[in-house]
Amino acid sequence: MSRPCEVCASLSQDQRKTRRLLVGERIVSLCDEHAESVRNADPGNLEELRELFPEPDGRRSLLGRRSPLDRRIFPPRPEGRRRSEGRRHDDAS
């Protein structure tokens with residue numbers, strides 16, 4: 001399931017097809033229109049990105065500071081995936 005455009009969701013607009021862009025260390029989900037604005041401005045970090053989308057009548061940004069964690073930008077664990085080691089030795093069978 002596709003995540004909604006973070007800017008359109010703040011404006012309560014209809015949801016459009018989105019694409020994901022990596023800005024700094026965060027993946028942002030944006031519609032084609034907002035993604036084009038980001039490509040043209042080429043922000044280097046998240047604060048510059050947030051300055052691109054201010055509220056129409058306020059000082060805040062339409063992009064939230066937090067986003068659901070998207071693990072794909074992080075390298076894989078060197079020890080491999082976490083997995084259960086089974087029952088503990090003191091658990092009843």
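Modeller: Arg-39 and Glu-36 both belong to helix 2, where they are three residues apart, about one turn of the helix. Helices (H or I, at least four residues) and strands (E, at least two) are DSSP runs, numbered from the N terminus. An α-helix has 3.6 residues a turn, so residues three or four places apart point the same way. Arg-39 and Glu-36 form a salt bridge, with their closest N and O atoms 2.8 Å apart; the term stands for a side-chain nitrogen of Lys or Arg within 4 Å of a carboxyl oxygen of Asp or Glu. Both partners are partly exposed, Arg-39 at 41% relative accessibility and Glu-36 with a relative accessible area of 38%. In these terms, buried means under 20% relative accessible area, exposed over 50%, and partly exposed in between, with a 1.4 Å probe and protein chains only.

The model is predicted: local features need a pLDDT of at least 70 and side-chain atom pairs count only at pLDDT 80 or more, whereas totals for chains, interfaces and linings use all residues. Residues are numbered from 1 along each chain as its sequence is written, and side-chain values use heavy atoms, with hydrogens and water left out. As for pLDDT (the predictor's confidence in each residue, from 0 to 100), the protein chain averages 79, and 72% of the residues score at least 70. Confidence is highest in helix 2, at a mean of 91, and lowest in helix 1, at 83.

Helix 2 has two contrasting faces to consider. Its buried residues are His-34, Ala-35 and Val-38. They cover an arc of only 100° around the axis, and therefore lie on the same side of helix 2; the arc is that of the directions from the helix axis to the C-beta atoms. The face turned away from this buried side carries the exposed residues Glu-33 and Asn-40. The cover over the buried residues includes helix 1 (6–11), strand 1, strand 2 and helix 3 (46–52).

His-34 shows this packing at the level of one side. Located in helix 2 (residues 32–41), His-34 is buried, with a relative accessible area of 9%. Leaving aside residues up to four places away in sequence, His-34 touches Cys-5, Val-7, Cys-8 and Phe-53, contact being heavy atoms within 4.5 Å.

The structure holds zero disulfides, a disulfide being a pair of cysteine sulfur atoms within 2.5 Å. For Cys-8, the closest cysteine sulfur is that of Cys-5, at 3.7 Å, too far for a bond. Cys-8 is buried, with a relative accessible area of 0%. For Cys-31, the closest cysteine sulfur is again in Cys-5, at 3.8 Å, which is too far for a bond; Cys-31 counts as buried at 1% relative accessibility.

Arg-19 is partly exposed, with a relative accessible area of 37%, and Asp-32 counts as partly exposed at 42%. The C-alpha atoms of Arg-20 and Asp-32 are separated by 9.9 Å, and Arg-20 counts as partly exposed at 37% relative accessibility.

Strand 1 in turn pairs with strand 2 (residues 26–31) in the antiparallel sense over six bridges; two strands pair if DSSP finds at least two bridges between them. Leu-30 in strand 2 is the bridge partner of Arg-19. The hairpin of these strands has two residues between them, and Gly-24 there takes a positive phi near 65°. At the other end of the region, helix 2 is followed by Asp-42, whose phi is positive, near 50°.

Strand 2 is also joined to helix 1. Glu-6 and Arg-26 form a salt bridge with their closest N and O atoms 2.5 Å apart. The pair links distant parts of the chain, Glu-6 being in helix 1 and Arg-26 in strand 2, 20 residues apart. Glu-6 and Arg-26 are both buried. The structure holds three salt bridges.
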